[in-house]
Amino acid sequence: MKYQLEVSNITKSYGDLKANDNVSLSIKDSSIHALLGENGAGKSTLVKIIYGSLTPDSGEMKWANNKYSPKSPFQARENGIAMVFQHFSLFESLTVEDNIILGLDGVGLNENFSEQIIKYSKQYGLDINPQQVVGDLSVGARQRVEIIRCLMQNPKLLIMDEPTSVLTPQEVADLFVTLKKLAADGCAILYISHKLEEVREICSEATILRGGKLVQSCIPQEHSQKELAEMMIGKKLTELARTNITIGETIFSIDNLSRKSDDIYGVNLKNIALKMSKGSIVGIAGVAGNGQDELMELLIGEIPSPKATLNFNGQDIGLLNSHERRQLSMFFVPEERLGHGAVPDMSLDENMLLSRPDSTEMTSRDVIDWEKVAVHSKTVIDTFDVQTPSSKMLAKSLSGGNLQKFMVGRELIQNPELLIVAQPTWGVDAGSANNIHQALIELADKGSAILIISQDLDEILSLCEQIHVLSEGQLSDAVDMKSKGLEKISQLMVGGKV
Amino acid sequence: MNESLFINIIIGISIASVPLMFAAIGELLVERSGVLNLGVEGMMIVGALLGFVVMSHTQNPYLAVLAAMAGGMAIASIFAFLTQFLLTNQVATGLALTLFGLGFAAFAGRGYTEETIQLITAVPIPYLSDIPYLGPLLFSFNPLVYLAFFMVYLVWWFLFRTKQGLILRAIGDNHDAAHAIGHNVVRYRVMAILFGGAMAGIGGAFLSLVQVPIWGEGMTAGRGWIALGLVVFASWQPFRIIFGAILFGGITILQIHAQGLNINVSAQYLSMLPYLATIVILVSLRMRLKNKTNRTVPNCLGRIFHSTT
């Protein structure tokens, strides 16, 4: 067995921060190799060095036994390294064909390219239409475009940055079939993920990074999921379990709520109905773009709902705006952090104050007392391990995962009677996700109701007692999890009926 | 209406449209790359001045047009440096560029306000221009008029028929993604901005070399702003620039010929027309696009690109 890529003692610093500190890793050809680590562990830095977007301060790489030091992604691609990015590097207003051409060096426009795309798409069972505009495609289809773009370079090494975080279970299964076929055909794969179950399923080796340093290289099947997670975060994980489920009376209900979207690419909501009790955690699963955004806007109160469709504690709240809803102790964490959840150009302190329905404890006679605000911010920053130099930092300067922790924490410390949260751990690493989940459970144990809208099925399965699926604007009844629950959910997620 | 008046109107419209066409097609390419340069008026007036000055010293129309292009590009290069390397706000920088260009041209052109030059005249194409009706309509124009139409075609061809054009559109759509796959965002944008400057320069020079043989302070008279409106009117599609420029140019010419045609409207109302038309068109365009995800606007328009790697 020979090595396709050998990385030795790579170091890369940004000022005082060592993003990669003496990291080594070797990828065998035709193997699927996992790169594991929390946010900020240095995975992206390492991958960018391999892909030629960054040059390391020291250390060296070998590609098929020859010295390899790429100056740009072009050189990496010339050598046969391709990459599927986490936030896809696709152009929404262009067609699939144009997008693929853009990623291929030396391919011009006049060649009849569609046929070649279709050939590759058939060969690997990746269904795409070259003439479609990417903006109209689902997330899964966009990923297929990225993968085909990479495959058409005939790579010897394919780097995939968290490829499954946005896919349905069926799409994940399809992806794995493709990846296994690729590896069998002689292409090595560097698979970056924090989903440990997947890593144990398809990867033959794993390299774990923490704080820029190499922790260990191991064979993932020889360790349990929990062991791997603990290697990643460097401490013990707390077991998630609801000890104290006491379901009380109904606190929130949605009745026959419909909405016609005003965006032609939007989704119309049809007769949404849902009941939530005190002390319960309710999950809405589903693939993004099936009406989640539209529903969230109605629940938050960005858009008023018709009379008698939303009821909170016996009060019709459809016409209340989000500030008025917060005053009744309904709190929200919207999915889009910058813009909906936080004002990007304002500090964490300012963002803390802005969402408060009652700011008397931070003001004196309506004049803001910044010291008091900072105390509240600090509570959130400490409790939820938000990595930031101070609460004076602008919201947009925090990484996505960190800002997410701050926003979830900001709502949680207000002890909401009802918390509605979309994608609570989107982009958040395993250790912090565990913290957030624990805090949600504690809140529910105290008798609050929590509604979670998430694409992450594992998250919903581990937290929620009552699970619905949103598909094409329609909400299923609560899925009976006792028999074949997961199968039913998968079916519902792709638009099927149960 | 008699025949020669009709032909005169057509020629008049073409002359009024061409400066808009040049400036707008340049700005269209700039905006396709994701940059909003509001300095068109400033680049035009500097082009108008430089073209005039070189013409008055050398009497060489080729040199004059080249000088106008260089002038527009020089002003555009200030914009490119500030917005692409120092990452300044594009709207503020563009406005400053217009004010700077107007002031600079007024100052540098003080000595030329009394001078007149030899206009660049129409060159009827031999034989073809002798065809009855069609000849005077299609083949008897100033060479710069043909160049304007050709530039529109060229920009279309570049954007939609070349790989570089595709890359430029991709950069306008998502500069982070373009950077991630290894394309040089800043280089493409600087080139686009310089091209926009050159086109605005010729557009300005057309005023002082073809329309009138004199130099006057502020002689661009808001045409740069109309060109900016035209790009939106054309919804970033090159060939629609031609239609829009002729429409806007036509309104201007209508003012001049209105009296000859016995249309009894006071001149002030007519001179308001191009600007009113801009507003009406912008509003109606918005109404038409309402409830639609607008695919035509480059997504990154006006956004600052800063690579962290």
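How many of the residues of helix H1 of chain A are buried? The views below, drawn from a predicted model, begin with that helix.

**View 1. Helix H1 of chain A and the glycine that follows.** Helix H1(A), residues 43–50, is mostly covered, with eight of its eight residues buried. The buried residues comprise Lys43(A), Ser44(A), Thr45(A), Leu46(A), Val47(A), Lys48(A), Ile49(A) and Ile50(A). After H1(A) comes Gly52(A), which adopts a positive phi near 85°.

View 2. Strand S1(A), residues 3–14, pairs with strand S2(A), residues 17–28, in the antiparallel sense over eight bridges. Within this pairing, Lys12(A) stands opposite Asn20(A) of S2(A). Two residues lie between the strands of the S1(A)–S2(A) hairpin, where Gly15(A) has a positive phi near 60°. S1(A) also pairs with strand S4(A), residues 58–63, again in the antiparallel sense, over five bridges. Here Leu5(A) has Trp63(A) in S4(A) as its bridge partner.

**View 3. Packing of helices H7 and H9 in chain B.** Helix H7(B), residues 163–173, packs against helix H9(B), residues 185–211, at an angle of about 105°, and their axes are 10 Å apart. Because angles of 65 to 115 degrees count as roughly perpendicular, H7(B) is described as roughly perpendicular to H9(B). On the H7(B) side, the residues that meet H9(B) are Ile167(B), Leu168(B) and Ile171(B). Their counterparts in H9(B) are Val185(B), Tyr188(B), Arg189(B) and Ala192(B). By class, the contact of H7(B) with H9(B) contains six nonpolar residues, no polar residues and one charged residue.

**View 4. Packing of helices H10 and H11 in chain B.** Helix H10(B), residues 223–233, and helix H11(B), residues 238–258, pack at an angle of about 135° with their axes 9 Å apart. The two helices, H10(B) and H11(B), are therefore oblique to each other, and their crossing is right-handed. From H10(B), the residues Ile226(B), Leu230(B) and Phe233(B) meet Ile241(B), Gly244(B), Ala245(B) and Phe248(B) of H11(B). By class, this contact of H10(B) with H11(B) has six nonpolar residues, one polar residue and no charged residues.

**View 5. The side of chain B that touches chain A.** In this interface, 19 residues of chain B are in contact with 24 residues of chain A. On the chain B side, the elements that give two or more residues are H7(B) and helix H8(B), residues 175–180. H7(B) supplies the largest share of this side, six residues. By class, the side of chain B that touches chain A has six nonpolar, seven polar and six charged residues.

**View 6. Two loop residues of chain A with positive phi.** Arg365(A) has a positive phi of about 50° although it is not a glycine. This residue, Arg365(A), is placed in the loop between strand S17(A), residues 363–364, and strand S18(A), residues 367–368. Arg365(A) counts as exposed because it has 5 C-beta neighbours inside 10 Å. Asn415(A), likewise a residue other than glycine, has a positive phi near 50°. The loop that holds Asn415(A) runs between helix H13(A), residues 400–412, and strand S19(A), residues 418–422. With 13 C-beta neighbours inside 10 Å, Asn415(A) counts as partly exposed.

Technical notes
Residues are numbered from 1 along each chain as its sequence is written. Chains are lettered from A and ligands numbered from 1 in the order in which they are written. This is a predicted model: local features need pLDDT of at least 70, side-chain atom pairs count only at pLDDT 80 or more; totals for chains, interfaces and linings use all residues. Axes are lines fitted to C-alpha atoms, for helices over the stretch in contact, and angles run from 0 to 180 degrees between N-to-C directions. Helices (H or I, at least four residues) and strands (E, at least two) are DSSP runs, numbered from the N terminus. Angles under 35 degrees count as roughly parallel, over 145 as roughly antiparallel, 65 to 115 as roughly perpendicular and the rest as oblique. Two residues are in contact if their C-beta atoms, placed from the backbone, lie within 7 Å. Ala, Val, Leu, Ile, Met, Phe, Trp, Tyr, Cys and Pro count as nonpolar, Asp, Glu, Lys and Arg as charged, and the others, Gly among them, as polar. Two strands pair if DSSP finds at least two bridges between them. A residue is buried if 20 or more other C-beta atoms lie within 10 Å of its own, exposed if 12 or fewer, and partly exposed in between; C-beta atoms are placed from the backbone. A crossing is left-handed if the near helix is turned anticlockwise from the far one by less than a right angle, and right-handed if clockwise.
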